[in-house]
Amino acid sequence: MQIFIDSANLEEIKEVLSWGIADGCTTNPKLASQEKGKDFEANIKEILKIVNGPVSIEVTTNDLNEMLKEAEKYASWGKNAVVKVPMGIAGLKAVKILKEKGIKTNVTACMSVGQAILAAKAGADYASLFYSRIGDMGYNPTKVVEDTVKIFELSNVRTKIIVGSIRHLMQVIDSGLAGAHILTVPYQFLALMSKNPKTDESIAEFLEHWNGYKEK
Ligand code: E4P
């Protein structure tokens, strides 16, 4: 299982890269818009430069021709650029055309097994299932991930399943157990994963004994 950071914030990305735990990065227009006062192109180019792995950059249109124009531009920014296209007929057409041009794609906002199958059939390198948003609709996201993984395995599908829309730490474990190839996780949850009160208590206890010993 790989871990990506779901962020367009350079400081967060740099910090997580320094821990040695991030295999890639996903951004989206909402995350990019939160980087107030930063130039979008310069920010993304910097992310592409520092991340030693795939970086997803999402198109900002639902129009096929516009998608293709944006995709070619993003792909020219770095060898590790992956163009995120929205799930839907136009997105699937874009995936097919971009594949022929050798541009990697990630079909985003998949909420069902069927959508992920279509993304794979069109030739996407990645299909992103949105864990919390699937749950918001009353469906069981773990089952959606498990079923997608199973069908992809049965048919030797090479498309990687990214689970995004992580809003609780437990969802990281559930999606990992469901067989997701990649989890894309916001910074706050990656930081939270490193913490446990019993760890802090144990380390404090050891240091207390060590300091007492040294004082004698
Ligand atoms: C994934 O690629 C998306 O950027 C992201 O995980 C969406 O998450 P949200 O549902 O919290 O907006």
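A pocket here is an open set of points, on a 1 Å grid over the protein atoms alone, with protein on both sides within 12 Å along at least five of seven lines, and its lining residues have an atom within 4 Å of a point. This is a predicted model, where local features need pLDDT of at least 70, side-chain atom pairs count only at pLDDT 80 or more, and totals for chains, interfaces and linings use all residues. Residues are numbered from 1 along each chain as its sequence is written, and side-chain values use heavy atoms, with hydrogens and water left out.

**View 1. The ligand takes up the space of the largest pocket.** To sit in a pocket, a molecule needs more than half of its atoms within 2 Å of the grid points. The volume comes to about 600 Å³, counted as the space filled by probe spheres set on points joined across faces, edges and corners. There are 30 lining residues, and D6, N28, K30, L31 and P186 are the closest to the centre.

**View 2. D6, N28 and S165 reach ligand oxygens with polar side-chain atoms.** The distances are 2.7 Å for D6, 2.8 Å for N28 and 2.6 Å for S165, with polar contacts being N or O pairs within 3.5 Å. The protein covers 88% of the ligand's own 350 Å² of accessible area (Shrake-Rupley method, 1.4 Å probe).

**View 3. The second largest pocket holds about 220 Å³ of space.** Its lining includes K99, D125 and R158, and splits into three nonpolar, two polar and five charged residues.

Key:
A polar contact is a pair of N or O atoms within 3.5 Å; within protein, one must be able to donate a hydrogen and the other to accept it, and residues adjacent in sequence count only if both atoms are side-chain atoms. On a 1 Å grid over the protein atoms alone, a cavity is a set of points where a 1.4 Å probe fits but cannot get out, and a pocket is an open set with protein on both sides within 12 Å along at least five of seven lines; lining residues have an atom within 4 Å of a point. Ala, Val, Leu, Ile, Met, Phe, Trp, Tyr, Cys and Pro count as nonpolar, Asp, Glu, Lys and Arg as charged, and the others, Gly among them, as polar.
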